[in-house]
Amino acid sequence: MIYTCTFAPSIDYTAYLTHFESGALNRSDEVYYYPGGKGINVSRVLSRLGLKSRALGYAGGFTGRFIEEFLDAEGIETDFIDTGAITRINVKIKTDQETELNGPGPVLEGSQLEQLKEKIAVMAQGDWFVLAGSLPSSVPTQFFKDLADRCQERGIHFVLDTSGPALQELLDTKPFLIKPNEHELGEMFGVEITTQAQAFHYASRLVERGVQHVVVSMGGAGAIYASREHRYTAQVPKGKVVNTVGSGDSLVSGFIASYIQHQDPERAFQYGVASGSATAFRTDLCEQADVEQLLPEVTVTPFEEKDVTK
Ligand SMILES: Nc1ncnc2c1ncn2[C@@H]1O[C@H](COP(=O)(O)OP(=O)(O)OP(=O)(O)O)[C@@H](O)[C@H]1O
Ligand SMILES: O=P(O)(O)OC[C@@]1(O)O[C@H](CO)[C@@H](O)[C@@H]1O
């Protein structure tokens, strides 16, 4: 079973307009409401790729109900813990640029954290646990470390896609996969990353620390993959970018879906990148047919240090 866990879900309210002026009344041409939060996006894309998952995490209020009902209508199993408060609404403004305003995550108490522990006590060897999205500052980092350690002890694939201070400490729990973008990877090391060579350099340091598969997404500039055995780069397909929100999560889903089928990291990387781009080219998350169509356009090549001019 694949479990996704979103501590801070959202409704993503996305408004499309030709021009946005800060400090003025703006009117949008089109708006969309989707359940959001990185783990939830992973569950939604997995479902489109034909894989069942259970979406765990914290939700509450009328927005929490909207998220649960929406996922239920898509046939996705949910098991959220009630926060007793309204789940955030994240505002995404699309003009020729993308502007985002994300709300704060929930404030959680010890008893609510205990409930999550009970829900994941049933996980078994070979299962997947995808911890994705921002982690509330009200939760001690040790709690996430305990979750990750439990995965490691029981042979559960631990996939980590988050940012911020907890990420550093969680790296020592040897996750199966992490997928920072180049900015998040740079933050981890206090540097700015602008080239694939730099991304490989720092991704390799994560591999040395024990992360099994590192994918660094670099938006339209492609992506890189590093593990102990292999290093690859991928070019992304060309297309009209409509909405990149959730494209990183789609990459994670595509990687997992392909890896489960073939246990081949190169194929999983290619399928992941195709899934990310398929999402970037739509208003909502990708469908399997889009991914399959883009797949041949994603070229994956082995990375050789000597190919790089720094
Ligand atoms: N301009 C683009 N053209 C083609 N594909 C893109 C573009 N931008 C993003 N993608 C696809 O989406 C993947 C993830 O993109 P990105 O690096 O922006 O992730 P991210 O910052 O984690 O995204 P998010 O947090 O919004 O989900 C890329 O590897 C690529 O496959
Ligand atoms: O505030 P966080 O948890 O870092 O990110 C939340 C979010 O921006 O990430 C998803 C896209 O990856 C969106 O669905 C959601 O609104």
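User: Why does the end-to-end distance of helix α7 (residues 196–208) agree with its number of residues?

Analyst: The expected span of a helix is 1.5 Å times one less than its number of residues. With 13 residues, α7 should span 18 Å, and its end C-alpha atoms are 18 Å apart, so the two agree. Helices here are DSSP runs of H or I with at least four residues, strands are runs of E with at least two, and both are numbered from the N terminus. This is a predicted model, where local features need pLDDT of at least 70, side-chain atom pairs count only at pLDDT 80 or more, and totals for chains, interfaces and linings use all residues. Residues are numbered from 1 along each chain as its sequence is written, while chains are lettered from A and ligands numbered from 1 in the order in which they are written.

User: Which residues of α7 are buried?

Analyst: A residue is buried if 20 or more other C-beta atoms, placed from the backbone, lie within 10 Å of its own. In α7 these are Gln196, Gln198, Ala199, Phe200, Ala203 and Leu206. They pack against α6 (182–189) and the strands β10 (177–178), β11 (213–217), β12 (223–226) and β13 (231–234); contact requires C-beta atoms, placed from the backbone, within 7 Å. After α7 comes Gly210, with a positive phi near 115°.

User: How do I read the packing of α8 and α9?

Analyst: Two packed helices are described by the angle between their axes and the distance between the axes. For α8 and α9, the angle is about 145° and the axes are 7 Å apart.

Note on methods:
Buried ≥ 20, exposed ≤ 12 C-beta atoms within 10 Å, placed from the backbone. Contact = placed C-beta atoms within 7 Å. Axes fitted to C-alpha atoms, helices over the stretch in contact; angles between N-to-C directions.
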